[in-house]
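Hi there,

Here is the model I promised to pass on to you.

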Amino acid sequence: MARLPRLNLPNIPQHVVQRGNNRQVCFFSEEDYTVYLDKLKDYAKKCHVNVHAFVLMTNHVHLLMTPETEKGVSQLMQSLGRYYVMYINKTYQRTGTLWEGRYKSTLVDSEKYFLLVSRYIELNPVRANMVEHPAEYPWSSYHGNALNKDVALLSPHHCYLSLGTNQEARKQAYKYLFKQQIPELTLQEIRDATYKAWVLGENRFKQQIEQQTGRRVVPLARGGNRKSKSFKGII
């Protein structure tokens with residue numbers, strides 16, 4: 001089946017996932033994580049992309065970003081990916097690819113799913129049984145969104161700003177969201193939308209994106225068994 005083209009629209013958040021080739025390790029030392037985040041900050045500014053949430057796992061990354069231009073995210077990921085591969089190959093005297101082909105992404109319905117996806121991203125180390133709480137994992141935006149660390153890379157989205165009238169109130173409200181578990185069906189919904197290039201949102205949002213882009217944003221309804229008599233009209 002042919003791959004669907006990515007959906008890129010300005011001012012709409014995107015959940016982006018990029019994995020190591022064959023799920024191999026992408027970060028070998030603390031310095032590697034720092035280099036990646038520093039360059040993410042630089043390219044985000046250069047490409048006019050606002051970064052709201054992130055987590056760097058050992059063999060993949062999750063990012064929640066809003067581009068100000070249609071090509072902002074793709075330009076950022078291309079530049080960042082190229083730089084980081086060159087850095088890793090030079091540092092560890094290796095050659096060849098590092099990333100698993102194209103990055104995966106989905107447009108995110110802000111009102112319904114933005115804070116949900118942000119939690120989904122920052123809870124990755126917990127689901128991977130690396131830590132018991134997101135605060136224990138050093139390479140995620142949880143420290144900036146929920147705790148007192150100043151993460152210069154982060155740009156607050158209006159959904160985050162709406163959590164409170166000041167920074168402390170917003171951080172406390174955001175932290176409280178993590179007391180609620182994300183249902184398994186919702187986790188799968190986020191994964192499916194991201195890895196299959198669908199849109200993550202309410203029907204109204206999906207219809208708007210479909211009208212705006214002219215392409216399908218949800219999977220086609222499944223038909224019957226093409227080998228069955230009833231499907232062929234025999235019965």
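This is a predicted model: local features need pLDDT of at least 70, side-chain atom pairs count only at pLDDT 80 or more; totals for chains, interfaces and linings use all residues.

Residues are numbered from 1 along each chain as its sequence is written, and side-chain values use heavy atoms, with hydrogens and water left out. Helices (H or I, at least four residues) and strands (E, at least two) are DSSP runs, numbered from the N terminus.

**Helices H3 and H8**

Let me begin with helix H3 (residues 110–122) and helix H8 (residues 184–195), whose axes come within 11 Å and cross at roughly 95°. Those axes are lines fitted to C-alpha atoms, for helices over the stretch in contact, with angles running from 0 to 180 degrees between N-to-C directions. H3 and H8 are therefore roughly perpendicular to each other (angles under 35 degrees count as roughly parallel, over 145 as roughly antiparallel, 65 to 115 as roughly perpendicular and the rest as oblique). On the H3 side, Tyr113, Leu116, Val117 and Tyr120 meet Thr186, Leu187, Glu189, Ile190 and Arg191 of H8, where contact means heavy atoms within 4.5 Å. Sorted by class, this contact has 6 nonpolar, 1 polar and 2 charged residues (Ala, Val, Leu, Ile, Met, Phe, Trp, Tyr, Cys and Pro count as nonpolar, Asp, Glu, Lys and Arg as charged, and the others, Gly among them, as polar).

**Helix H7**

Which residues of helix H7 (residues 167–177) are buried? They are Arg170, Lys171, Tyr174 and Leu177; buried means under 20% relative accessible area, exposed over 50%, and partly exposed in between (1.4 Å probe, protein chains only). These residues cover an arc of only 115° around the axis, which puts them on the same side of H7; the arc is that of the directions from the helix axis to the C-beta atoms. As background, an α-helix has 3.6 residues a turn, so residues three or four places apart point the same way. The cover over the buried residues of H7 includes H3, helix H5 (142–145) and helix H6 (158–161). At the N-terminal end, Asn166 caps H7, with a side-chain oxygen 3.2 Å from the backbone nitrogen of Glu168.

**Loops with something to look at**

His48 sits in the loop between H1 and strand E2 (49–56). Although His48 is not a glycine, its phi is positive, at about 60°, and the residue is partly exposed, with a relative accessible area of 42%.

Ala197 lies in the loop between H8 and helix H9 (203–213). Ala197 also has a positive phi, about 65°, without being a glycine, but is buried at a relative accessible area of 16%.

Val199 is in the loop between H8 and H9 too, and counts as buried at 4% relative accessibility. Leaving out residues up to four places away in sequence, Val199 touches Leu7, Thr106, Leu107, Ala193, Phe205, Lys206, Ile209 and Val217. Val199 and Val218 are 19 residues apart along the chain, and their C-alpha atoms are separated by 6.7 Å.

Leu98 belongs to the loop between helix H2 (72–91) and strand E4 (104–107). Leu98 is buried, with a relative accessible area of 0%. Among the residues that Leu98 touches, not counting those up to four places away in sequence, are Arg19, Asn21, Cys26, Tyr84 and Ile88.

Conventions
A polar contact is a pair of N or O atoms within 3.5 Å; within protein, one must be able to donate a hydrogen and the other to accept it, and residues adjacent in sequence count only if both atoms are side-chain atoms.
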